[in-house]
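Dear colleague,

Please find below the structure that I am handing over to you. My findings follow it.

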Amino acid sequence: MDHAYENYLNEGNLLLNRAEAELNKPHEDVMTLSVCQGTKLAIDNYFKAYLTKHQIKDVEKGDLMSRYEKCISFRPEFKEINLHSFDCINDDKCSMTEYCMSINKVSECLKIAEEFRSLIYR
């Protein structure tokens, strides 16, 4: 379990660090879709890490939202971070042209991912 937990955390951190580095580029060079996907995948890895730590099996099954709900059941503080403002919780709702092309929007998503990371380490 510890190995899987560390792998999920490391992968989440790597993805989030890449997204942060992308946003630090000059605005005209930022690949917003990269930031969007990186933050979404980072959050998912943080959820998997948290669930693995609590010995939940099959953390790969389901989607981002189902893992979020499971995390809330163990730790209600997860609910304090509004994942719904992420706008692309599932692929059916995601509209890349509406959300992922704006630096301001992906910056918000990055902040949400940073909040989840902070909660995982508390």
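Among contacts in the chain (heavy atoms within 4.5 Å) between residues at least 6 apart in sequence, 65% join residues at least 24 apart. Please note that this is a predicted model, in which local features need pLDDT of at least 70 and side-chain atom pairs count only at pLDDT 80 or more, while totals for chains, interfaces and linings use all residues. Residues are numbered from 1 along each chain as its sequence is written, and side-chain values use heavy atoms, with hydrogens and water left out.

The chain has 5 helices and 0 strands, where helices (H or I, at least four residues) and strands (E, at least two) are DSSP runs numbered from the N terminus. Along the sequence, the pattern reads α-α-α-α-α.

Of the 122 residues in the chain, 47% are buried; buried means under 20% relative accessible area, exposed over 50%, and partly exposed in between, with a 1.4 Å probe and protein chains only.

Rings of Phe, Tyr and Trp (its six-membered ring) pair if their centres lie within 6.5 Å; planes under 30 degrees apart count as stacked, over 60 as edge-to-face and the rest as tilted. This rule gives 6 aromatic pairs. In one of them, the ring centres of Tyr-68 and Phe-116 are 6.0 Å apart and the planes stand at 85°, so the pair is edge-to-face. Because Tyr-68 lies in helix H3 (residues 64–74) and Phe-116 in helix H5 (residues 103–121), the pair ties together parts that are 48 residues apart in sequence. Tyr-68 counts as buried because its relative accessibility is 2%, and Phe-116 counts as buried at 0%.

Yours sincerely
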